[in-house]
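Colleague: I would like to learn how to read the geometric features of a protein model. Could you take me through them one at a time?

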Amino acid sequence: MASSPTLFVLLIFTVTGTAIVELTPNFFHQSLINHHKNSKPNIPYKTQFFPQLLDHFTFKPQSYKIFNQKYLINKKYWDHGSPIFVYTGNEGDIEWFAANTGFMLDIAPKFRALLVFIEHRFYGESLPFGKDSYKSAETLGYLNSQQALADFAVLIRSLKQNLSSEASPVVVFGGSYGGMLAAWFRLKYPHVAIGAVASSAPIVQFDEIIPWTSFYDAVSQDYKNASLNCYEVIKGSWAELQALSAQRDGLAKISRIFRTCKNLQSMYSARDWLWKAFVYTAMGNYPTEANFVMPLPAYPVTKMCEIIDGFPPKTTKLKRVIAAANLYYNYTGTTKCFNLENGTDAHGLQGWNWQACTEMVMPLSTSNESMFPPLSFEIEELGKFCMNRYGVMPRPHWITTEFGGYRIEKVLKKFGSNIIFSNGMQDPWSRGGVLKNISDSIVALVTEKGAHHVDFRFAKKDDPDWLVEQRRQEIGIIQRWIDDYYADF
């Protein structure tokens, strides 16, 4: 992950009888885990740990248990009393978010800012119960967004006290799920942070606020915009895969043409492998070469479609889409075979499965316009899966109860302030984001060609003008927040 999560994304399809249950995607994905599991990014931050309370909201003896929460800090550009920029960590190792949020490092000298990246509880090394953290609902019950926001608030206040810099203004940053947390943090803890930059934050992707088909319709539109033939080939490839699986020794044939390291046990593994490649390539459709989700060229959706369109007319659709997916999984050309089943979870990311089974219920389904096979969201099926796995039922309306979402423009206009919602319309999560200005200080910066929190990536000399301008606007808004704070102070 080299320049700007989260939401990040792990699409999980679980076969339950004849139904396919899709847990809410997070930005991390199994291929990313495998790609990075033996490496750590070289980043200019010092690692520290903070003694964090297990439970901020009850006063039972168990609540006072302490765990070590990791955070990263960079004081290189900081002057005492200057701003503190905090990244609200999402679902994974905090190092990867630091390595991929170059925007904060790029602007730190201008603001003389202290940089802090806080790891989300139950991810990376911030495990309240160590190796037993994912053991059961008894331990995982302390994993939710409200506890995470309280963690951030407690750590920030303590850090400012320890630095004897309690007057320093704090701006929080976050991308994807981290962007949701940043926006919610500003709303819940306005006395701690003067503003929030929430990139690709789908805070209205809940309940029935937006159409459930919006995510996959957006992915499909990205490919249709690149090439109508490409879109139609992908749309037609699923039937070919299904027909092949029905043949005698169909799974063996599928294993061979997909170049799997081991024979597949389910056709759905091959289907999901293709599905994930198209989704994550759309999310990572950056204008320059990148190594975030996987190593990819600039505008990889266009490159995928060029591969699909470049085959002779009589080539099967399935062969074409497998070749296109290889761009995502094997752009470097070093992978000899693919592990489509039983991948390892080197980063402890199963925590997101718990969140998707409890509070982060973001309904996704496909429409007739989608290039993907039919998929419907059924809360009953999700409930069965979650009850079987964790012994708990999802609370699909909790996020909108706790943080709001319905009529957000009217609600936030009355009491919210100092939030930037940035979205790129090529990012399928953008449909669940705030796409219009709510007030003079709650601003939506929307780019037609932007992908998943592209504005948070390190600046490059060949960045397009629209991206340079987007970052320029963000810097100007942040500067106004800080100027206003010091003027009032």
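This is a predicted model: local features need pLDDT of at least 70, side-chain atom pairs count only at pLDDT 80 or more; totals for chains, interfaces and linings use all residues.

Colleague: Happy with that. How many helices and strands are there in the protein chain?

Modeller: Both are DSSP runs numbered from the N terminus: helices are H or I with at least four residues, strands are E with at least two. Here the protein chain has 17 helices and twelve strands. Its radius of gyration is 22 Å, close to the 23 Å from the globule rule for 489 residues, so the chain is as compact as a globular protein of that length. That radius is taken over C-alpha atoms, and the rule is 2.2 Å times the number of residues to the power 0.38. Along the principal axes, the C-alpha trace spans about 75 × 55 × 45 Å.

Colleague: What percentage of the residues in the protein chain is buried?

Modeller: Buried means under 20% relative accessible area, exposed over 50%, and partly exposed in between (1.4 Å probe, protein chains only). By that rule, 62% of the 489 residues are buried.

Colleague: Now the rings. How many aromatic pairs does the count come to?

Modeller: Rings of Phe, Tyr and Trp (its six-membered ring) pair if their centres lie within 6.5 Å; planes under 30 degrees apart are stacked, over 60 edge-to-face, and the rest tilted. The count comes to 30 aromatic pairs. One of them joins phenylalanine 215 and tyrosine 216, edge-to-face at 5.0 Å centre to centre with 90° between the planes. Both of these residues are buried. Another is tryptophan 354 with tyrosine 390: their centres are 5.3 Å apart and their planes at 90°, so this pair is edge-to-face too. It links distant parts of the chain, from helix 13 (residues 351–358) to helix 14 (residues 379–390), with the partners 36 residues apart. Tryptophan 354 is buried at 5% relative accessible area, and tyrosine 390 counts as buried at 14%.

Colleague: Which residues do ring pairs link into a cluster?

Modeller: The cluster consists of Phe215, Tyr216, Trp238, Trp275, Phe372 and Trp429.

Colleague: Where does the charged end of arginine 457 sit?

Modeller: A charge sits over a ring if NZ of Lys or CZ of Arg is within 6 Å of the ring centre and within 35 degrees of the ring normal. Arginine 457 has its charged end over the ring of tyrosine 286, 4.5 Å from the centre. Lysine 224 lies over the face of tyrosine 231, at 4.4 Å from the ring centre.

Definitions and conventions
Residues are numbered from 1 along each chain as its sequence is written. Side-chain values use heavy atoms; hydrogens and water are left out.
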